[in-house]
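I opened a notebook on this model and looked up its parts one by one. The entries follow in the order I made them.

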Amino acid sequence: MNFLETKDVVKQYAGHCALNKVSIGVPRGKIFGLLGPNGAGKTTLIRILNRIIAPDSGDVLLDGRPYRPSDIRRIGYLPEERGLYRKMKVGEQAVYLAQLKGLTAAEARRRLTVWFEKFDIARWWNKKLEELSKGMQQKVQFIVTVIHEPELLIFDEPFSGFDPINTDQLKREILELKNAGRTIIFSTHNMASVEEICDDIALINKSEVVLAGHVPEVRNRYKSSTFNVCVKNDAFESSPETFTVLSETAGPDGALHVRIRKERELSNSALLNILTQKHEIVSFVEELPSMNEVFLKVVN
């Protein structure tokens, strides 16, 4: 069941169509990747979901009914442009922002203490934000986004500026939020992260949804009938009628690693049967395109 849906959402700015009948469905308790090149319309859609702006037409549904102003408390939003107060003390403003989201000061301090210790920034509680590194500032921003435990989380480029260690930590936290039942919209240009954590995606290009679906299914849709085969023989026979050899590499164990592309009308089972008649197969793996390759192919 979809927790959030948009149906034929349209938004125009002075003759420019930012969104043209955009429809997406975000399943409950899943991580949904919102993808697209710069200027595609992602930010406009995120602003509509956060009720920062309104669509010109179309519907936004939450739990199957029209989106209401009061639903904004059910959302946590981490914008790409960070918005903390640089001259204000870290702990003080975190408590303040948590109170804006409905927590009491005491409950805010209790929850923040747990998160600050988890992110190893507790010692910076009484420091001004400008004294923190960019990475630590982003940790604070992430914490105040999730502190009120919203049902829907919208992360816009959450890994921007993080080193690999902190990126890995944030990925683990996002996956834990998913395991706790949160629904997450994840907007990014990092396609490797999409493969690692997203369940479903929608790709927006030139104001329209041009690709959507479950990540493995999307990758499978764009496969190129290419296989990596490892055989024990030291020679490999090509078969022009059924497959083409793209490359051959001898392995240190004496096996031969071959990359082939089959004719599209030939089934995988038929290809494997042809190969086993001539070679002792060690492994037989079909190549799937990366999400980066899919992104480039669809957008271009």
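Contact in these notes means heavy atoms within 4.5 Å. The model is a predicted one, and I read every entry with that in mind.

**Entry 1. Two helices**

I began with helix α3 (residues 105–118) and helix α4 (residues 134–146). They pack at an angle of about 145 degrees. Their axes are 11 Å apart. I then checked the handedness: α3 passes α4 in a right-handed crossing.

Which residues in α3 and α4 meet? From α3 I listed Leu 112, Trp 115 and Phe 116. From α4 I listed Phe 142, Ile 143 and Val 146. By class, this contact of α3 with α4 has 6 nonpolar residues, no polar ones and no charged ones.

**Entry 2. The cores**

Next I looked for nonpolar cores. The largest one has 49 residues. The residues with the most contacts inside it are Leu 112, Phe 142, Phe 155, Ile 174 and Ile 201. Helix α4 gives the most to this core, with 6 residues.

Leaving aside residues up to four places away in sequence, Leu 112 touches Ala 94, Val 95, Trp 125, Ile 143 and Ile 147.

Another core lies apart from the largest one and has 23 residues. Leu 4, Leu 19, Val 22 and Leu 34 are among them.

**Entry 3. The open sheet**

I traced an open sheet of 6 strands. Its order is β6-β7-β8-β3-β9-β10, and the pairing is mixed. Which strands stand at the edges? They are β6 (75–78) and β10 (208–214). Each has a single partner strand, so one side of each is left without a neighbour in the sheet. From one strand to the next, the twist averages 15 degrees.

Leu 203 has Leu 211 in β10 as its bridge partner.

**Entry 4. Strand β1 and its partners**

I moved to β1 (residues 2–13). How many bridges join β1 to β2? I found 8, and β1 and β2 (residues 16–27) run antiparallel. Leu 4 stands opposite Val 26 in β2. Leu 4 is also one of the residues in the core of 23.

The hairpin of β1 and β2 has 2 residues between the strands. In this hairpin Ala 14 takes a positive phi near 45 degrees.

Strand β1 also pairs with β4. There 5 bridges join the two, which run antiparallel. Lys 7 stands opposite Asp 59 in β4.

**Entry 5. Positive phi**

Most residues other than glycine have a negative phi. I therefore noted the exceptions, since most such residues have a negative phi.

Asp 8 is found in β1, and its phi is near 50 degrees, a positive value. Asp 8 is partly exposed, with a relative accessible area of 42%.

Asp 63 lies in the loop between β4 (57–62) and β5 (65–66). Its phi is also positive, near 60 degrees. At 28% relative accessibility, Asp 63 counts as partly exposed.

**Entry 6. A proline in a loop**

Is Pro 69 buried or exposed? Pro 69 is exposed, with a relative accessible area of 57%. Its place is in the loop between β5 and β6. I checked it against Arg 51: the two are 18 residues apart in sequence and 7.5 Å apart in space, C-alpha to C-alpha.

**Entry 7**

Last, I looked at β12 (243–250). Strand β12 is joined to β13 (residues 256–262) by 7 bridges, and the two run antiparallel. Glu 248 stands opposite Val 258 in β13. Their hairpin has 5 residues between the strands, and Gly 254 takes a positive phi near 90 degrees there.

Thr 242 lies in the loop between β11 (226–231) and β12. Why does Thr 242 count as buried? Its relative accessibility is 13%, and buried means under 20%. Not counting residues up to four places away in sequence, Thr 242 touches Arg 261, Lys 262, Glu 263, Leu 266 and Ile 274.

Technical notes: Residues numbered from 1 in each chain as written. Predicted model: local features only at pLDDT ≥ 70, side-chain atom pairs only at ≥ 80, totals over all residues. Heavy atoms only, no water. Axes fitted to C-alpha atoms, helices over the stretch in contact; angles between N-to-C directions. Helix = DSSP H or I, 4+ residues; strand = E, 2+ residues; numbered from the N terminus. Left-handed = near helix turned anticlockwise from the far one by under 90°. Nonpolar A, V, L, I, M, F, W, Y, C, P; charged D, E, K, R; others polar. Core = buried A, V, L, I, M, F, W, Y, C linked by side-chain atoms within 4.5 Å. Buried < 20%, exposed > 50% of the residue type's maximum accessible area, 1.4 Å probe, protein only. Pairing = 2+ DSSP bridges.
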